[in-house]
Amino acid sequence: MNRSAQWEDDSRADGVADVFARLFAGPADGVWAAPGRVNLIGEHTDYNDGFALPIALPRNTLLAARARTDGRLRLHSAQGEGGITELSVAALAPGAVTGWAAYPAGVVWALAEAGHTVGGADLHFDSTVPTGAGLSSSAALECVVAVAYDALYGLGLPGPELARIAQRAENAFAGVPCGIMDQMASICCTAEAALHLDARTPQDHRQVPLDLRGQGLGLLVIDTRVSHDLADGAYAALRAGCERAAALLGLPALRDVDAGELPKVLRALPAELVPLVRHVVTENARVTEAVSRLREGDAAALGPILTEGHASLRDDYRVSCPETDLAVSAALDAGALGARMTGGGFGGSVIALVEAGREDAVGGSVTAAFGAAGHRPPRLFPVTPAAGARRLAPERGTRRSAGSGGSEVRGLSR
Ligand code: GLA
């Protein structure tokens, strides 16, 4: 398997630690990484207590971190403008922090809100997860803080609990009413596997082996460079529509709709809710089908499932856009086995499942189609299922004292 991108990110740990030492006058307690994700299938199902099947990208947010004893939280990003943002942990509250710093600060707030004893820290971030591309750069930012704080403050929390804390930060602190898929993917994915998530019981997630190369396949991510913004109300409105439908049906969530009863269920709903419910119910079935095919070792069979999923997002859920539709149709015309938008929608990225070696040809065709339509060229990158959040340095189990303002690393690597 080609894991060079993963190794590239891992080898950036020293450089990130060096920048930290210059910024914060002394060594970090450790360096952690958390990836972005693409979802293979199972879109807009997580907040309906349903199923999803994401993989982690070999693109990570790295964090060099050191605990502080004075309750101050100092944040710096290699990608951010301006210098160090300084906050007080005790003063953190929803609405109090804006911009990118709301995501890491929100995690510290959410840990404290959940009753964990956490203090300040010096944090330096450096990320290769594209932002605004529907690849969960915000979840990567949250999750890397969650795993670092877990270690720095010796919390010992299981991955799904850290994911829940990170989701809480995004919901309550950053104001985005997302489900738990992105955070679960960033923390709990493993290399060469897809994560079978049941959003009702995230702790029961399963790893589904997915050796794309071994099966003669490749996965191409096509970032349309159309920026989406989940905070703009459209996502919240869709979520509210699903919750209203479940309430009208007298069910805890749309996950509880019996697929065999779907025609009858749809007849009982107001017209505007019918396509939402049809998408969620059929999408959950597509996840189940995809997992069965993968368990049988037939990853190529995912192709038509992805393409059907795209049609459902385009025609029923209506979260596609001309650029994502064009990327899907151009990829299919160029021989992709299947393609669909991934993530929340309203732009963002498309994934295309291709025969190994066809990535460049399919990517080239999509780029040509974008040019002909007058769109900016998309960004293309082939991916393989990568590892979830982890400590990169120091090595698992080592302890060392930190410089001024720091403390000893108390927790061991997750
Ligand atoms: C965004 C959200 C997720 C999920 C997807 C759609 O990525 O953050 O929780 O709802 O959209 O599947």
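**Notes on the ligand site**

1. The ligand lies between domain 1 (3-209 + 386-393) and domain 2 (213-383), because both domains give residues to the shell around the ligand. Please keep in mind that this is a predicted model.

2. On the domains themselves: the domain assignment of the protein builds domain 1 from two segments, 3-209 and 386-393, while domain 2 covers 213-383. Taken over C-alpha atoms, the centres of domain 1 and domain 2 are 25 Å apart. Between the two domains, 37 residues of domain 1 are in contact with 46 residues of domain 2.

3. Which residues are closest to the ligand? They are Glu43, His44, Asp46, Asp182 and Tyr235, out of 13 residues that surround the ligand. Sorted by class, this shell holds five nonpolar, four polar and four charged residues.

4. Some polar contacts deserve a look in your viewer. Tyr235, one of the closest residues, places a polar side-chain atom 2.6 Å from an oxygen atom of the ligand. Gly179 takes part through its backbone, with an N or O atom 2.9 Å from a ligand oxygen. Gly344 also uses a polar backbone atom, and here the distance to an oxygen atom of the ligand is 3.4 Å.

5. How much of the ligand does the protein bury? Taken alone, the ligand exposes 310 Å², and the protein buries 98% of that. As for the site, the largest pocket is the space taken by the ligand.

Terms used:
Residues are numbered from 1 along each chain as its sequence is written. This is a predicted model: local features need pLDDT of at least 70, side-chain atom pairs count only at pLDDT 80 or more; totals for chains, interfaces and linings use all residues. Side-chain values use heavy atoms; hydrogens and water are left out. A residue is near a molecule or strand if one of its heavy atoms lies within 4 Å of it. A polar contact is a pair of N or O atoms within 3.5 Å; within protein, one must be able to donate a hydrogen and the other to accept it, and residues adjacent in sequence count only if both atoms are side-chain atoms. Accessible areas come from the Shrake-Rupley method with a 1.4 Å probe; for residues, only the protein chains shown count as cover. On a 1 Å grid over the protein atoms alone, a cavity is a set of points where a 1.4 Å probe fits but cannot get out, and a pocket is an open set with protein on both sides within 12 Å along at least five of seven lines; lining residues have an atom within 4 Å of a point. A molecule sits in a cavity or pocket if more than half of its atoms lie within 2 Å of its grid points. Ala, Val, Leu, Ile, Met, Phe, Trp, Tyr, Cys and Pro count as nonpolar, Asp, Glu, Lys and Arg as charged, and the others, Gly among them, as polar. Domain bounds come from an automatic or database domain assignment. Contact means heavy atoms within 4.5 Å.
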